[in-house]
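Please read it alongside the coordinates.

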Amino acid sequence: DYDNCERTKHIFNKINAIKKIWILFPHYGLTFEGANVYKCTSYKEDECYIDLFAQCQIQSGLRIAIDITGFIRPHLIYFIIALNRMGVNVIDLYYSEPQHYKDAEETYFSGFIDEVKLIEGCGSLINLPQTENDLLIVTAGYDDKLLAKVAQTRSKIKSKYFILGLPSLQPDMYQESMLKLYNAKETIGAIIERYSPAFDPFVTAQTISDIVKENPNHSNIYLSPLSTKPQALGVALYYIWNFQTLPVNIVFPYSKVYKTNTAYGIKKTWKYTFELPVFQ
């Protein structure tokens, strides 16, 4: 995705591929032209990629690499799940860590929240009518208004788990995210804290699995990826492997405005390889 950020430009120039495509989301309000630029005309994640999938002729066995650094989280999760359901079972994912966020704990990534809803294609195949033992599992990041909004819309859920990024991407980032969480606690109410490395999707998915196992009498499960992109990958990974057998859903607070250049510097770049199930 193109977000006019040093981190995304760096990866795009470094990666060797037969074909490279910039995805331009309308949320950033940017103008960017070029033969390899795909412009999403819709804010909705399921409508965004229709022409892109047709142009790329997605088919089973295709090897795809995605730089997730500048992606909007619901669009990233939908993208991965859609590719998997089209037969793509191995995906390489790259993420470049920032040195710092420019506004430290005052960093905001999104604008006005329109609504909290299911990410398209990320609802459960098993909807349980009973809700008294619902679980809310949030990967918690900087944006306290997102945390509060999700908690408000699921206010009747008693068991709220917040997975914090520890170790964090940078030592100061954990303290900054904790400040934002405590800012929102009056709205959020009682929570149970868990920890997972901010840079590790696989441990994040395992942490979600552990929470679900700790609650064997759970009813519906709601996941909300509000932290780092690698932890958002962990949410997607857990969903892909479990949505057919568990009542698991992914919800997100949607905004039509996202900020660019919220961070500076590149600390390191991670590569994750997802080997995903084959769906018939």
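1. Helix 4 (residues 73–85) lies across strand 10 and strand 11, and its direction is about 140° to that of strand 11. Contact here means heavy atoms within 4.5 Å. Axes are lines fitted to C-alpha atoms, for helices over the stretch in contact, with angles running from 0 to 180 degrees between N-to-C directions. Helices (H or I, at least four residues) and strands (E, at least two) are DSSP runs numbered from the N terminus.

2. This is a predicted model, in which local features need pLDDT of at least 70 and side-chain atom pairs count only at pLDDT 80 or more, while totals for chains, interfaces and linings use all residues. Residues are numbered from 1 along each chain as its sequence is written, and side-chain values use heavy atoms, leaving out hydrogens and water.

3. Strand 10 (residues 221–226) and strand 11 (residues 248–255) run parallel and are joined by three bridges; Leu-223 has Ile-250 of strand 11 as its bridge partner. Two strands count as paired if DSSP finds at least two bridges between them. Both belong to an open sheet of six strands, ordered 6-11-10-7-8-9 with mixed pairing. Strand 6 (113–118) and strand 9 (192–196) are the edge strands, each with a single partner, so one side of each has no neighbour in the sheet. From one strand to the next the twist averages 25°.

4. Helix 7 (residues 201–214) lies across strands 7, 8, 9 and 10 and runs at about 150° to strand 9.

5. Helix 4 also takes part in a right-handed β-α-β unit with strand 3 and strand 4. Right-handed means that, with the strands pointing away from the viewer, the path from the first strand over the helix to the second runs clockwise. Strand 3 (residues 64–67) runs parallel to strand 4, with four bridges between them, and Ala-65 is partnered by Asp-92.

6. Strand 4 (residues 90–96) is largely enclosed by the rest of the structure, because six of its seven residues are buried (under 20% relative accessible area, 1.4 Å probe, protein chains only). Seven bridges join strand 4 to the antiparallel strand 13 (residues 269–275); Ile-91 pairs with Phe-274 there.

7. Which residues lie nearest the centre of the largest pocket? They are Lys-19, Lys-20, Ile-21, Ile-64 and Ala-65, out of 30 lining residues. Elements giving two or more residues to the lining include strand 3, helix 4 and strand 4. A pocket is an open set of points on a 1 Å grid over the protein atoms alone, where a 1.4 Å probe fits, with protein on both sides within 12 Å along at least five of seven lines; lining residues have an atom within 4 Å of a point.

Definitions and conventions. Buried < 20%, exposed > 50% of the residue type's maximum accessible area, 1.4 Å probe, protein only.
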